[in-house]
Amino acid sequence: MKVVRLIAPPVSSRRVARRVTSAFHAGSGGDEERRSGDEEARRTYQEASQLSTRLYSTSRWVVRVLFRDMGRRGPLRCLEVGAVNTQLLDCRRLQTRAIDLRSTSARIEQLDFFDLQPSTYDVVVCSLVLNCVEHADRYRFLLKLRDHLETDHSLLFLILPKRLLSSRFPDALRTLGLAVVLHHATPKLAHFCLSRVPLGEAMVSVVADASANFLALPS
C-alpha cells in the first residue's frame, strides 16, 4: 500500500530552507494574505526561516553594526517587525518588543503591524517583510516604519531579497524620508541601515501614483 504524506516534513537542512524561503519570496508582492492562506505552507516557511536565521543571522548583523561598528551604548529600545525568532529578545543590550502577523513564540506578540499603536524606538528591525506586503500598501508600510523612529539618530534596519530590488529603491527611500547610512549585501540579501531625514518634496505625488513600484515585483 502506498503511503501518502499529508503533512510536510520538518525543514531540516539549509538547502531545503533556502528553496522554501526563495519560493515564498518569489511569490511575494501580490495578495500575500491569499497566497499564505494555506497554514501548512506558512508553517513550513516559518520553519525554514527559523533554520536559516540560526545558520545566518541578520540579528547578529544588526547587533554588530549597532554596538561594534557604530559604538552605540545600550540599553536601546528596539521594535522588531515580523520576528521569526527570539534572538533580538535575547540580546541584553536591547529592550525589544517583537511582533509578527502569525507568532511562533509566546514571547512574540501576534499583531498586524498596521494595528500597532503610535510608539517610538531607538532601533526598528524589519527583515524580509516589506516584500510580502501588498503593492498598494508598501509606501504606507515604510512611512509607518519611519514614524516609529524616535529621533533622527534612531536607526531602521531593513533586509530584503536582493534580486527583488529595483534601481529606484534608494531614491524611493529618500523621498519617503529615509537615508541609507550603511548598505551590506550577501549573495541573496540586501541589508540597509537607514536613518530618518525630512520627507522629500515629491513624497505626495509618488505615494499617490498607484503605478509606482520601487520593488521589482508584480503588482
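The structure is a predicted model, in which local features need pLDDT of at least 70 and side-chain atom pairs count only at pLDDT 80 or more, while totals for chains, interfaces and linings use all residues. Residues are numbered from 1 along each chain as its sequence is written, and side-chain values use heavy atoms, with hydrogens and water left out.

The mean pLDDT (the predictor's confidence in each residue, from 0 to 100) is 78 for the chain, and 66% of the residues reach 70 or more. Residues 28-37 stay under 50, and the model gives this stretch 28 contacts (heavy atoms within 4.5 Å) beyond four places in sequence. Residues 48-53 also have pLDDT below 50, with 18 contacts in the model beyond near neighbours in sequence. Where pLDDT is low, the predicted coordinates should not be read in detail.

The chain holds seven helices and seven strands; these are DSSP runs numbered from the N terminus, with helices being H or I of at least four residues and strands E of at least two. Along the sequence they follow the pattern α-α-α-α-β-β-β-β-α-β-α-β-β-α. Of the 219 residues, 48% count as buried (under 20% relative accessible area, with exposed over 50% and partly exposed in between; 1.4 Å probe, protein chains only). Among contacts between residues at least 6 apart in sequence, 69% join residues at least 24 apart.

The seven strands form an open sheet with mixed pairing, in the order 3-2-1-4-5-7-6; two strands pair if DSSP finds at least two bridges between them. Strand 3 and strand 6 (178-185) are the edges, each pairing on one side only. Further inside the order, strand 5 (residues 155-161) and strand 7 (residues 189-196) run antiparallel to each other over seven bridges, and L155 has S195 of strand 7 as its bridge partner.

Leaving aside neighbours within four places in sequence, E109 touches R97, A98, I99, D100 and S103. The C-alpha atoms of E109 and I99 are 4.6 Å apart, although 10 residues separate the two along the chain.
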